[in-house]
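Here is a short report on one protein model. Look at the fold as a whole before turning to single residues.

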Amino acid sequence: MEEFYQAIEEAIRNTGYDAPVNGQEIYDEICDEIESREPGAYVFMSKKTDEIFFEYKIQIFEDQFNLSAIDIHTPDQVYHADLD
């Protein structure tokens, strides 16, 4: 799992977003959100501060999920990280 957490962090860093991020926290947050969801495509938003929110694009399957992209919305810019 550590490799997956690092892949999330690296993908976000590659966008130019320079604030600290934690791949495990992002993964855990997504797992909490999808726990009772039916299979399908979803967009989840997570407010990090008054000015910053993360948007997760996720495909949920019966026994797993695919995090395809993360958009980080800041007052100045939107950072897009493809994870597919």
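**Overall fold**

This is a predicted model. The protein has two helices and four strands. Along the sequence, these elements come in the order α-α-β-β-β-β.

How does the radius of gyration compare with that of a compact globule? The protein has 12 Å, and a compact globule with 84 residues would have a radius near 12 Å, so the two agree. The C-alpha trace spans about 35 × 25 × 20 Å along the principal axes of the protein.

Burial and surface come next. Of the 84 residues, 38% count as buried. The accessible surface of the protein is about 5600 Å². Carbon and sulfur atoms hold 43% of that surface. As for contacts with a separation of 6 or more, 26% are between residues 24 or more positions apart.

**The helix pair**

Two packed helices are described by the angle between their axes and the distance between the axes. Here the pair is α1, residues 2-13, and α2, residues 23-34. Their packing angle is about 105°. Their axes lie 7 Å apart. Angles of 65 to 115 degrees count as roughly perpendicular, and α1 and α2 are therefore roughly perpendicular to each other.

Which residues make the contact? From α1 come Phe-4, Tyr-5, Ile-8, Glu-9 and Ile-12. They meet Gly-23, Gln-24, Ile-26 and Tyr-27 of α2. By class, this contact of α1 with α2 has six nonpolar, two polar and one charged residues.

| Pair | Sequence separation | C-alpha distance |
|---|---|---|
| Tyr-5 and Gly-23 | 18 residues | 4.1 Å |
| Lys-47 and Gln-64 | 17 residues | 24 Å |
| Ile-60 and Arg-37 | 23 residues | 7.9 Å |
| Pro-75 and Glu-51 | 24 residues | 6.1 Å |

*Tyr-5.* This residue sits in helix α1. Is Tyr-5 buried or exposed? Its relative accessible area is 10%. Buried means under 20%, so Tyr-5 is buried. Leaving aside neighbours within four places in sequence, Tyr-5 is in contact with Gly-23, Gln-24 and Tyr-27. The C-alpha atoms of Tyr-5 and Gly-23 are 4.1 Å apart.

*Lys-47.* Strand β1, residues 40-47, holds Lys-47. With a relative accessibility of 61%, Lys-47 counts as exposed; the cut-off for exposed is over 50%. Beyond neighbours within four places in sequence, Lys-47 is in contact with Ile-52 and Phe-53. Gln-64 is 17 residues away in sequence from Lys-47, and 24 Å away in space, C-alpha to C-alpha.

*Ile-60.* Strand β2 covers residues 53-60 and includes Ile-60. Ile-60 has 4% relative accessibility, so it counts as buried. What does Ile-60 touch, leaving aside neighbours within four places in sequence? The contacts are Ile-34, Arg-37, Glu-38, Pro-39, Gly-40, Tyr-42 and Phe-65. Arg-37 is one of them.

*Pro-75.* Where is Pro-75? Pro-75 lies in the loop between β3 (65-73) and β4 (78-82). At 56% relative accessibility, Pro-75 counts as exposed. Apart from neighbours within four places in sequence, Pro-75 is in contact with Glu-51 and Ile-52. Pro-75 and Glu-51 are 24 residues apart in sequence, yet 6.1 Å apart in space, C-alpha to C-alpha. Ile-52 is also in contact with Lys-47.

Key:
Residues numbered from 1 in each chain as written. Predicted model: local features only at pLDDT ≥ 70, side-chain atom pairs only at ≥ 80, totals over all residues. Heavy atoms only, no water. Axes fitted to C-alpha atoms, helices over the stretch in contact; angles between N-to-C directions. Parallel < 35°, antiparallel > 145°, perpendicular 65-115°, else oblique. Contact = heavy atoms within 4.5 Å. Nonpolar A, V, L, I, M, F, W, Y, C, P; charged D, E, K, R; others polar. Rg over C-alpha atoms; globule rule 2.2 N^0.38 Å. Buried < 20%, exposed > 50% of the residue type's maximum accessible area, 1.4 Å probe, protein only. Areas by Shrake-Rupley, 256 points an atom, 1.4 Å probe, with all protein chains shown as cover.
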